[in-house]
Amino acid sequence: MFELFLPMLERLGIIVTVAFIITRFRFFRELIDQKKLNYKQQYTAIGVFGLFGIIGTYTGITYDTATVEFGRWAYNLGESEALANSRVIGIVAAGLFGGYRIGIGAGLIAGLHRFSLGGFTGFACGISAVVAGLIAGFFHKKGQPLKLKTALLIGALAETVQMGVIMLVSTPFSRAWSLVQEIGLPMIVANGVGSALFLLIIRNVLNEEEKAGALQAQKALKLAESTVAHLRKGLTKVSAQQACQIIYDEVQVSAISMTDQEKILAHVGQADDHHKSGIPIQTDATREVIQKGERVIARHGDIHCQNQDCPLGAAVIVPLRRRQNVVGTLKFYVHSEKEVSNVLLELIQGLSALLSQQLELAEAEKAEELAREAEVKALQAQVNPHFLFNSLNVIVSLTRSEPDRARSLLIALSRFFRQNLGATTNTWTSLKEELKHVKAYLLIEETRFVDQLHVRYEVEEAALSAKIAPLTLQPLVENCIKHGIKDQQGDATILIKIIRQGKGVHIMVEDNGTGIDPERLEKVGLQSVDSENGTGLGLYNVNKRLELMHGEDAKLHITSNQGHGTCISFFLPLPEQEVYA
């Protein structure tokens, strides 16, 4: 009996290898985290643990009850032969980690295989394999960590039950009793220790990975803290260059790069002589990340570098987001794909999330700044001396000849300034109120231009309940008059259209004025544009406020044909409850 202890304990080295391999499987991670497995993962778990049991059978030691001799490896058993093995360990692990279904399933696979090898204990061992899965499943506790003591006792208990089944089922009884006396204690001890060892190895492997992950998270937080001062200014060439340099100094990779949606913003590290900032994005992999918003590992051929001596052999590319929209990418370059480790992937993924948060904070700060600028602009509009002077001149000229009309203009002027004042204190207003504001403004302007200015309205009453930022429509209409039709010789027309469309409201302001130069048209609404008549800051503010308060879909769309007029439109998404109202 004692000469069997050492060989059985030697076989436990196989347990170490199998335990490490199993930790690589995704389904096992789900089991450890005590998450619910789908059917595919359950079948995979049953198959893997069943295979574990089969390996335990094949690596067992044969024992011939007739000659009382031990063999080395088990392939086919004679009538008088039996096995001392570690099959129970895989089955016990299946039941303890996965419960009844996975434990019994693994027991069936391992048990049927043991039965097929023959020997006078074949049937008894097949039954006891299923019973072992049943016992382990009984001790499976969701929501509670598995203890080494529990694994040790269940492994020993399952093997003890197998010895009992052998004596009850195998014949002749004298041979079964002789076998149990010889191999019973060594197998009970070895399989109990093996079950505990299996759990211990898994714990250590996963704990080491958690420690590595924690270190990477700490490094990512440190890098994010170091780059925050730069990326809070937004994703620009300067901020990207500074952030890439900080990351490159801390992370052991060949190069770090950042892009926006169209071009490379910064590249720090190897190959910076030909991977330069400012050039358009070269790789399809980067475009895929921008389009799909998912991480991509690019091989050497996917980088598409024109330089044959380029040392960059692979890259990990992750998206940078702002308000859930991909605005750029972060790239880690390495010499070869072999250097792309799980640790590196975890680091770049965590860093991507933290940098994206910084970009969102930058956008929020920018939004606050734009709001302040818009407030100043609104305050300026309240006391615009030219508009006030022109309006009062018109009213004075009509006081004697058309007093009723003069009175109407005074009311309109009063309403215009009252609503301007309200715009500085209110965040939202209705389209109905915004349209009243525009009409008050246009009533004065129509009177100023006598019969040269005509305004048409195509407005659906059902659309006017939609909420909008104050002082959104009036700057668009003012733009038509100041830049579109002010110097026009013939009749000037402005069309204001507000209609329900799909899940929102479509708003359009169109004039038949001089139009916008194509070169300036590309910049209008996206940045301030200096000209003889203004800076374009009004349209820029309106566009940014729409984007920030209503989302990307609400941005201004400007089309213009020189000599034939300009059309400015935008789409105002409605809340879900209003869409179905």
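**Close-up views of a predicted model**

The largest cavity has a volume of about 50 Å³. This is a predicted model, in which local features need pLDDT of at least 70 and side-chain atom pairs count only at pLDDT 80 or more, while totals for chains, interfaces and linings use all residues. Residues are numbered from 1 along each chain as its sequence is written, and side-chain values use heavy atoms, with hydrogens and water left out.

**View 1. Lining of the largest cavity.** The whole structure holds 3 cavities of 30 Å³ or more (sets of points on a 1 Å grid over the protein atoms alone where a 1.4 Å probe fits but cannot get out; lining residues have an atom within 4 Å of a point). Helix H4 (87-98) and helix H8 (173-231) each give two or more residues to the lining of the largest cavity (helices are DSSP runs of H or I, at least four residues; strands are runs of E, at least two). H4 gives the most, with 5 residues. Among the lining residues are Ile-89, Phe-97, Leu-146 and Ser-195. The lining comprises 9 nonpolar residues, 1 polar and no charged.

**View 2. Three-stranded sheet.** The sheet is open, with strand order S2-S1-S3 and antiparallel pairing (two strands pair if DSSP finds at least two bridges between them). Strands S2 (69-70) and S3 (81-84) are the edges, each pairing on one side only. Strand S1 (residues 61-64) is joined to S2 by 2 bridges, and Tyr-63 stands opposite Phe-70 in S2.

**View 3. Two buried cysteines.** Cys-125 is buried, at 3% relative accessibility (buried means under 20% relative accessible area, with a 1.4 Å probe and protein chains only). Cys-244 is also buried, at 0%. The disulfide count is 0 (a disulfide is a pair of cysteine sulfur atoms within 2.5 Å).

Terms used. Buried < 20%, exposed > 50% of the residue type's maximum accessible area, 1.4 Å probe, protein only. 1 Å grid on protein atoms, 1.4 Å probe; cavity = no way out; pocket = protein on both sides within 12 Å on 5 of 7 lines; lining within 4 Å. Points joined across faces, edges and corners; volume = space filled by probe spheres on them. Nonpolar A, V, L, I, M, F, W, Y, C, P; charged D, E, K, R; others polar.
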